[in-house]
Amino acid sequence: MIGLRTLRAVAMTAATLGGLSGAFVGLLNQQGRRARVAIGVLEHLWPAPDGVYFDDGGDPLRLAVLGDSMAVGVGVTHPSQMPGVLLAQALAEEAERPVRLSTYAVSGSTTRDLVPQVDAAVQDRPQVALIIIGANDVTSRISPRESALLLAEQVRKLRAVGCGVVVGTCPDLGIVRPIPQPLRTIGRRYSLRLAAAQTAEVRRAGGVPVSLGNLLAPEFTARHADMFSSDRFHPSAIGYEAAAGVLLAPLCQVAGLWPGWAAAALPVRSAAALALRPSRVPAWLQKRHA
């Protein structure tokens, strides 16, 4: 799960990089504490329902899921709603063969925590891998460059064993309403910078990046009550369905099921971010974090 206690770290990073006044840093820290109170606690944290889906006795396509709480599916009310399960079932239908789901993702992970996940996954020789990572890097003050380079290294490890890799890049943290302004805008800027760096490095490493911020933020913003779980931070079952919907096509591509398909280029800044009202963050701070 994304550590809400580390929202304060976003404020401190902004202070370090931007030279903010003590009063403004105090405001950000106070808002971090308010966000932790506003964001609820989930009642259900399900174990990963790994196994073979649509088992007909044939050789299964091996799918590995790695990353953080969004890869795990924190926020659903039943294991069948987890993104790994949704995608394993959809891939099995498209491939007309069984799919073996193996989940290595761990809630709360940063990109640094991907290293043992990937090391474990490559031992099982997956054919397709999905990685969703980045939000905890923002709250843990890992620089976008370090995070993106480390992610690329892990993608190369998977590609070296013949695995097709799809990466869901850092989501747009600016759509999480319990995080107050201006802390939310700072989180948005960091998450968008990280997503852009991830996209470039994943492509260089031979993976397929999917911009979750660009593709999901507009709907999550418009349907906030439906798309978020009871903690108002992680996606709901409907939110994970939307995420699976944008991840299925690239997974089919790297699995060799849709060889002619290619993802369209997307802007770095999400449509939802562009559609929002002007930020209440001072203009001088916006320039520092542009």
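These legends describe close-up views of a predicted model.

**View 1. D68 sits in a loop between a strand and a helix.** The loop joins strand 2 (61-67) and helix 3 (69-72). D68 is buried, with a relative accessible area of 3%.

**View 2. The largest cavity holds about 250 Å³ of space.** The structure has three cavities of 30 Å³ or more. In the largest, 20 residues form the lining. M70, P171, F228, F233 and P235 lie nearest the centre. Helix 9 (212-222) and helix 3 each supply at least two lining residues. Helix 9 gives the most, with five. By class, the lining has 15 nonpolar, three polar and two charged residues.

**View 3. R97 and D59 meet in a salt bridge.** The N to O distance is 3.7 Å. R97 lies in the loop between helix 4 (83-95) and strand 3 (99-103), and D59 in the loop between strand 1 (51-53) and strand 2, so the pair ties together parts 38 residues apart in sequence. R97 is partly exposed at 27% relative accessible area. D59 is exposed at 54%.

**View 4. K157 forms a salt bridge with D119.** Their closest N and O atoms are 3.1 Å apart. K157 belongs to helix 7 (residues 144-160) and D119 to helix 5 (residues 114-123), so this pair also links parts 38 residues apart in sequence. K157 is partly exposed, at 26% relative accessibility. D119 is partly exposed, at 35%.

**View 5. Salt bridges link E219, R223 and D226 in a network.** Between R223 and D226, the closest N and O atoms are 3.5 Å apart. R223 is partly exposed at 33% relative accessibility. D226 is partly exposed at 38%.

How values were computed:
Residues numbered from 1 in each chain as written. Predicted model: local features only at pLDDT ≥ 70, side-chain atom pairs only at ≥ 80, totals over all residues. Heavy atoms only, no water. Helix = DSSP H or I, 4+ residues; strand = E, 2+ residues; numbered from the N terminus. Buried < 20%, exposed > 50% of the residue type's maximum accessible area, 1.4 Å probe, protein only. 1 Å grid on protein atoms, 1.4 Å probe; cavity = no way out; pocket = protein on both sides within 12 Å on 5 of 7 lines; lining within 4 Å. Points joined across faces, edges and corners; volume = space filled by probe spheres on them. Nonpolar A, V, L, I, M, F, W, Y, C, P; charged D, E, K, R; others polar. Salt bridge = Lys/Arg side-chain N within 4 Å of Asp/Glu carboxyl O.
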